[in-house]
Amino acid sequence: MDFGDILNQWDQLCSKEEAQRKEKARGTNKPRPRLPNAPRLEKTDDSKTLVIESQWADSEPEEEAELPRVNPMDLWLRRYGVVDKDSLAKEVAERERGQNREYLKKLPCGAKIDLHGLTRDEAWERLDTFIGDCSRRGIQKVLIVHGKGHHSKEQSDVSILSSMVRTFVELDRRLGASGHPDKKLGGNGATWVIIKKK
């Protein structure tokens with residue numbers, strides 16, 4: 001047996017398999033999907049015959065333009081985009097740190113304002129301007145010194161400016177967590193505040 005005989009046997013085997021495949025394809029009785037320009041079959045009422053009507057009898061079929069081939073990877077990237085997992089993990093870690101009270105307390109203050117000697121209205125205006133300026137500059141934590149109220153004309157347990165600062169912090173949407181610093185930085189006579197990121 002030489003190489004030519006082997007090739008002949010191979011061709012016969014391939015032709016038998018091709019014939020079997022064609023026979024199977026003919027044997028399946030699956031309905032084909034209707035093409036858009038295929039004729040329709042309708043029954044008439046008076047005669048029980050079928051009338052073939054073409055949807056586009058007068059017009060010739062148009063040639064379909066060949067669509068440009070698209071790289072599957074480019075298509076997937078356009079559809080689903082790219083996710084930077086490192087930046088997502090960093091954002092989650094920052095958010096968790098931002099909710100940790102001890103971390104916020106130890107965070108250094110970027111700016112400080114002293115409201116001693118101001119009236120309630122003057123202090124409110126200065127504080128509003130100060131917070132707006134710090135927010136624009138991207139400062140995260142500020143210290144507001146308002147005093148303990150020992151020299152207030154109204155003799156009460158709480159300082160006038162202290163209650164005004166508390167109200168301001170609660171009403172201003174730019175501000176987040178707040179608290180009193182250590183005694184070295186003023187204790188109850190000062191308040192630290194976190195400025196939310198835009």
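Let's start with Val82, which is exposed, with a relative accessible area of 71%; the cut-off for that word is over 50%. Keep in mind that this is a predicted model.

**Around Val82**
- You'll find Val82 in the loop between helix α2 (72–80) and helix α3 (85–99).
- Val82 is part of a nonpolar patch on the surface, along with Met73, Trp76, Leu77 and Tyr80.
- Together, the residues of this patch have about 580 Å² of accessible area.

**The sheet**
- Strands of a sheet pair through backbone hydrogen bonds, and they can do so parallel or antiparallel.
- Here, four strands make an open sheet with mixed pairing, and their order is β3-β4-β6-β5.
- The edges belong to β3 (111–114) and β5 (175–179): each has a single partner strand, so one side of each has no neighbour in the sheet.
- On average, neighbouring strands of this sheet are turned by 25° against each other, if you ignore direction.
- Take β3 and β4 (residues 141–145) as an example of a pair: they run in the parallel sense and share four bridges.
- Within that pairing, Lys112 has Leu143 in β4 as its bridge partner.

**Helices on the sheet**
- Helix α5 (residues 120–137) packs on the sheet and touches β3, β4, β5 and β6 (190–195).
- The direction of α5 makes about 175° with that of β3.
- Helix α6 (residues 160–171) packs on the sheet too, touching β4, β5 and β6.
- For α6, the angle between its direction and that of β5 is about 145°.

Terms used
Residues are numbered from 1 along each chain as its sequence is written. This is a predicted model: local features need pLDDT of at least 70, side-chain atom pairs count only at pLDDT 80 or more; totals for chains, interfaces and linings use all residues. Side-chain values use heavy atoms; hydrogens and water are left out. Two strands pair if DSSP finds at least two bridges between them. Helices (H or I, at least four residues) and strands (E, at least two) are DSSP runs, numbered from the N terminus. Axes are lines fitted to C-alpha atoms, for helices over the stretch in contact, and angles run from 0 to 180 degrees between N-to-C directions. Contact means heavy atoms within 4.5 Å. Patches are made of residues with over 30% relative accessible area and no salt bridge: like charges are joined within 9 Å, nonpolar side chains (Val, Leu, Ile, Met, Phe, Trp, Tyr) within 5 Å. Accessible areas come from the Shrake-Rupley method with a 1.4 Å probe; for residues, only the protein chains shown count as cover. A salt bridge is a side-chain nitrogen of Lys or Arg within 4 Å of a carboxyl oxygen of Asp or Glu. Buried means under 20% relative accessible area, exposed over 50%, partly exposed in between (1.4 Å probe, protein chains only).
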